[in-house]
Amino acid sequence: MTEVHSPPRVRGWTRFVTARPRLSLLAALVLTVLAVLAGSGVADRLGSGGWEDPDAQSTYATKALEREFPDSQPNLLLLVDSGRASVDDPAVAAEASRLAERLAGEKGVVGVGSYWQSKAPALRAEDGHEALIAARVTGDETTMGETLDRIAPSYRGTHGPVEVKVGGIVAVRHEMQTIIQEDLTRAEIIALPVTLVLLVMVFGSAVAALLPLGIGIVAILGTNAVLSGLARFTDVSLFAMNLTTALGLGLAIDYALFIVRRFREELAGGAEPPTAIATTLRTAGRTVLFSALTVAVSLAAMLLFPQYFLRSFAYAGTAVVLLAAAAALILLPAALLLLGHRVDSLDLRRLLRRARPARQPVEAVSGGTDSGEDEGQRGTASDREAGTAWARTATLVMRRAPFFALATTAVLVLLGLPFLGVRFGTADDRQLPSSAESHVVQQHIRDGFPGSPGGGLEVLAEGRATPEQYAAYKERVAALPHVVRVDGPLVNGDSAYFTVLPEGEPVDDAAQRLVGDLRATEAPFDTKVTGAAAVLVDSKHAIAEQLPWAAAFVAIVTLFLVFLLTGSVLIPVQAVLLNALSLTAMFGAIVWVFQDGHLSGPLGFTSTGSIETTLPVLMFCVAFGLSMDYGVFLLSRIKEEYDRGGTSHALEAVGDGGHERAVRLGLQRTGGLITAAAVILAVVMVAIGTSRVTNTKMLGLGIALAVLMDAMVVRSLLVPAIMRLTGKATWWAPAPLRRFHARFGLSEGEPAPAAESHRERDTVGARS
């Protein structure tokens, strides 16, 4: 076995990680316990909003109205159902008035109004059997939730001749928070045992399978601590808890999977545990670190957007990815060093082999030389190179490279076509299950009340004005297209506001055009427009303004990192383009399923006819990072095999054989492993996708689809086909960049010694 020398930095890292493995594991145990304590109750400190631009005109107007006209911004609604009687029945009116009076006396509740007080038609159902009591709960999201918990039980249910249901924005957000916490617990219960079964199938050994799962559990507990700490300094979306937990678990398992697999491969090749650890950290370990950086870069791009829904994913996601990598690179090597050859203990496959006739040995499902059997049992190098399904797949794809490249690209583009019809909207109560109380209340309002209460636009007027000036402005607004009615003004000092009711749905195209018309209407005072349609317009503008910068940031940094890995100019461009192409199926599916409502019955959600504006950005950043994750693992192994084949001039002497051999070996030794890792991560995401909240369901299922498409289609078919078509040019770089890479590059494998290089050249030449 040829000794491979690691660079000083890697040797230093190896000594640091393995010097006192027992102490490292003990310290990790203490930190994990502290993480459990720090992360307890984290969901109560997270917010359920964050979709709006905090610097937008609509946000300013909303806050000003809340401050100056609290009655104009109710967030708590009591739906009063009078049964067969009319809401104007004296007994019904008396009971409803009593409830409204009692609600006005509750601490933390202001601006109470009702149909029975104002006789406003918008607060009375068209059939005359339902009406509304509206109020505003004050405070931040935590305080509002506590107030709702305190008062809601005493109002919900039967009160004499009426039945009361609790709704409104504050009820929707609070119910969403409760459901997300319950769904996350259920997802973890589903994902962990299924993941363990898959890991046993990959490794055979129960001990080896438990190691990645243990690292994943550490990542989950660390994730909660990270979210808890971030929530003390900045707003963090509750949705970040689901996705970052899934990322922490999935990536920790993926990273541990690659580390354990490479360690077992080295042991099977005859290395002693300390040497195997050193080689593992030099190769797979460095790739894991590099991969974590690419995922973190993709997530960090969301910092460029103003919405805290996206920014919180950047904070939490980046921290969790680095946490997962740290757990895999620090804790896992210590555990492997202590276990040594016992990592292959409790090999469950041996039980199966005893129960059936002996057969020719094959590689483990991971696709590498890591089955835990010794070199003689696994067959010759030639058998391993050409006799596996992955080697045959690579050979077939490269033999028919133009066909596979064109066909795969065409299919991916076709799957993405539905996204051309995307319609953006805002998140509302329909994110919740149809049986959720707050959803029921809002649906009754949509279906049975005139003018969709709460769906209008508010115009805040600031500056001193006369009644005549207000009246003239009101007339100009009423004359605008798609305006049904203008109410107001209500005046408070130098401020006033108008309510404008648009035609159609609150956030449809007509309502969004009306926002622009209102902002362009001349007035003798300053005007600011808010409301659901205005928030949507401002959110779309903020995303469109920052999206090119975010895309450029991800692309440029990814190009640079992949260049550091490969030393090639062409491979980084291929990686970015193929990564983007791998996401088309996800974007097409979310429109076809969640916007258009196909499969809404089996999947159990209510389609709103639109996609929340920030979700495609979030899904792109997450899925692009994960796709790059698998791309790094494949490219690093191909690069290692290419470097092991000898110098570039030697390969040129024998044609493209060395290049194609590197691609074939790279896919053979990582293809099955990448697929297994993708399936495990997809299981975690599908578990998240079982959520009863539609946006969480969309995130989980969409990202699971993207991960599987990337691993099973792009990495297995498109990458080898494209690399075959580009041939030796794949590895080209101008001389200055070659020198830069030689000094700063992060390629996984070290060049093979001279004797080994000559042997590889002879083999390649004979095959050519």
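Close-up 1. Asn492 stands opposite Ser495 in β9, where strands, like helices, are DSSP runs numbered from the N terminus (strands E, at least two residues; helices H or I, at least four). In this predicted model, local features need pLDDT of at least 70 and side-chain atom pairs count only at pLDDT 80 or more, while totals for chains, interfaces and linings use all residues. Residues are numbered from 1 along each chain as its sequence is written, and side-chain values use heavy atoms, with hydrogens and water left out. β8 and strand β9 (residues 495-502) run antiparallel and are joined by 7 bridges; two strands pair if DSSP finds at least two bridges between them.

**Close-up 2. The open sheet of 4 strands.** The strands follow the order β8-β9-β7-β10 with antiparallel pairing. Because β8 (483-492) and β10 (526-531) stand at the edges, each with a single partner strand, one side of each is left without a neighbour in the sheet.

**Close-up 3. Helices on the sheet.** Helix α3 (residues 57-68) lies across β7 (457-462), β8, β9 and β10, and runs at about 95 degrees to β10; angles run from 0 to 180 degrees between N-to-C directions, with axes fitted to C-alpha atoms, for helices over the stretch in contact. Contact means heavy atoms within 4.5 Å. Helix α19 (residues 532-566) also packs on the sheet, touching β7 and β10, and its direction makes about 95 degrees with that of β10.

**Close-up 4. The packing of α9 with α10.** Helix α9 (residues 238-268) and helix α10 (residues 273-300) pack at an angle of about 155 degrees, their axes 8 Å apart.
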